[in-house]
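I am opening a notebook on a structure that is new to me. These entries record what I looked up, in the order I looked.

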Amino acid sequence: MAFHATILTLYPDMFPGPLGQSLSGRALDKGLWQLQTSQVRDFATDKHRSVDDTPAGGGAGMVLRADILAKAIDAAAPEDDPRPRLLMSPRGRPFTQAHAHKLAEGPGAIIVCGRFEGVDQRVIDSRKLEEVSIGDYILSGGEIGAITMLDAIVRLIPGVMGNMESAEAESFETGLLEHPHYTRPSEFEGQVIPEVLTSGNHKKIHEWRMSEAERITRENRPDLWDAYMADEDDVD
Ligand code: SAH
C-alpha cells in the first residue's frame, strides 16, 4: 500500500494545491502516494453547519468543537488504522527531516488542520493526536503546514526522486547544511566558479565541499554546528 495521507480541513480546496505540481504531483499521478481530504464541516449538526464556538473561560477568538472534529476523525480513520494521527499546532514537536524519513517509511498519516484559536483539548486527548509544528511562527491555519510536511515526506518515498544520491548530501541529512552549487556559465558578471570544482580532482572537490558545508553551518546555524561537533566527539 502506497503512503496514504488523509487531511481533515475546513478548506479541502487548498489540496492538492502545490502538491499537485512537479515532483509530488507526478508521484501522485503515478500512485506512489495517495491524498484524500475530509471536510470537517460535513460533520456539523446544526442548520448553520457551525464547527467552532467561543472559548470556555472567555477571551478572543473561536475554538474548533471537540464533538464535530471527533466525528470527522472517526469517519476518516477507524480505531485500527495504523497511521499516525497528527495535529498541526505551533505548540507541537518541531517537524524535522528525521521525522519526514520516519513518516515516509510508514503507511501514511492522518493530518488534522486547525483553524481559529485551535481545537478543543478533549479531542486531542481522546483521539490521541500528536501535535506537530512546522516552525516558531503562527500561521492562520494548519493547511499550509500540512502541505509543507507532505512535500518533505513525499520526496523521500522510494521511487519519487530519481536520484536518491542527491537526497543524501542534502542539508540536515549529514548534520551539516549543504555546500554551495555552481553551474554554467563558467563566468557570471565577472565571478568565476571556484577552480577546485573544475579541476576533476574528486578528493579535492569532496574536501572543498565538506569545508564549505562546515563553514556555512558554523555561520548560519550554531545550534546544528554544536550538535555536529558533539557527534564527532562521540565517534572519536
Ligand atoms: N492560538 C494558537 C494558534 C492558532 S493558529 C496558539 O497560540 O498556539 C490556527 C491554526 O493554525 C492552529 O490550530 C494550527 O493548526 C495551525 N498552525 C499555526 N501555526 C502553526 C505552526 N507553526 N505549525 C503547525 N501548525 C500551525
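Entry 1: I began at Pro16, which lies in the loop between strand 1 (3–9) and helix 1 (22–29). I note that the model is predicted. I checked the peptide bond from Phe15 to Pro16 and found it cis, with omega near -5 degrees.

**Entry 2: another loop.** I then went to the loop between helix 6 (164–168) and strand 8 (187–188), where Pro185 has its place. A cis peptide bond joins Arg184 and Pro185, and its omega is about 5 degrees. Phe172 is also in the loop between helix 6 and strand 8. I looked up the phi of Phe172 and wrote down a value near 80 degrees, which is positive in a residue other than glycine.

**Entry 3: domains.** How is the protein divided by its domain assignment? I found domain 1 at 3–154 and domain 2 at 170–235. I also took down the distance between the C-alpha centres of domain 1 and domain 2, which is 36 Å.

**Entry 4: where the ligand is.** I turned to the ligand and asked which pocket it sits in. The ligand sits in the largest pocket. I counted 18 residues around the ligand, and the closest are Met88, Gly114, Glu117, Gly135 and Tyr137. By class, the shell around the ligand holds eight nonpolar residues, eight polar ones and two charged ones.

**Entry 5: strands in the shell.** Which strands each supply at least two residues of the shell around the ligand? I have strand 5 (85–94) and strand 7 (130–133) on my list. Strand 5 gives the most to this shell, with three residues.

**Entry 6: backbone atoms at the ligand.** For Met88, a polar backbone atom is 2.6 Å from an oxygen atom of the ligand. For Tyr137, a backbone N or O atom lies 2.9 Å from a nitrogen atom of the ligand. I then looked up how much of the ligand is covered: taken alone it exposes 560 Å², and the protein buries 84% of that.

**Entry 7: a glutamate in strand 7.** I went back to strand 7, where Glu131 is found. Which side chains does Glu131 join by polar contacts of 2.8 Å and 3.0 Å? The contact of 2.8 Å is between the side chains of Glu131 and Ser89. The contact of 3.0 Å is between the side chains of Glu131 and Arg91.

Technical notes:
Residues numbered from 1 in each chain as written. Predicted model: local features only at pLDDT ≥ 70, side-chain atom pairs only at ≥ 80, totals over all residues. Heavy atoms only, no water. Near = heavy atom within 4 Å. Polar contact = N/O pair within 3.5 Å; in protein donor to acceptor, adjacent residues only side chain to side chain. Areas by Shrake-Rupley, 256 points an atom, 1.4 Å probe, with all protein chains shown as cover. 1 Å grid on protein atoms, 1.4 Å probe; cavity = no way out; pocket = protein on both sides within 12 Å on 5 of 7 lines; lining within 4 Å. Sits in = over half its atoms within 2 Å of the grid points. Helix = DSSP H or I, 4+ residues; strand = E, 2+ residues; numbered from the N terminus. Nonpolar A, V, L, I, M, F, W, Y, C, P; charged D, E, K, R; others polar. Domains from an automatic or database assignment.
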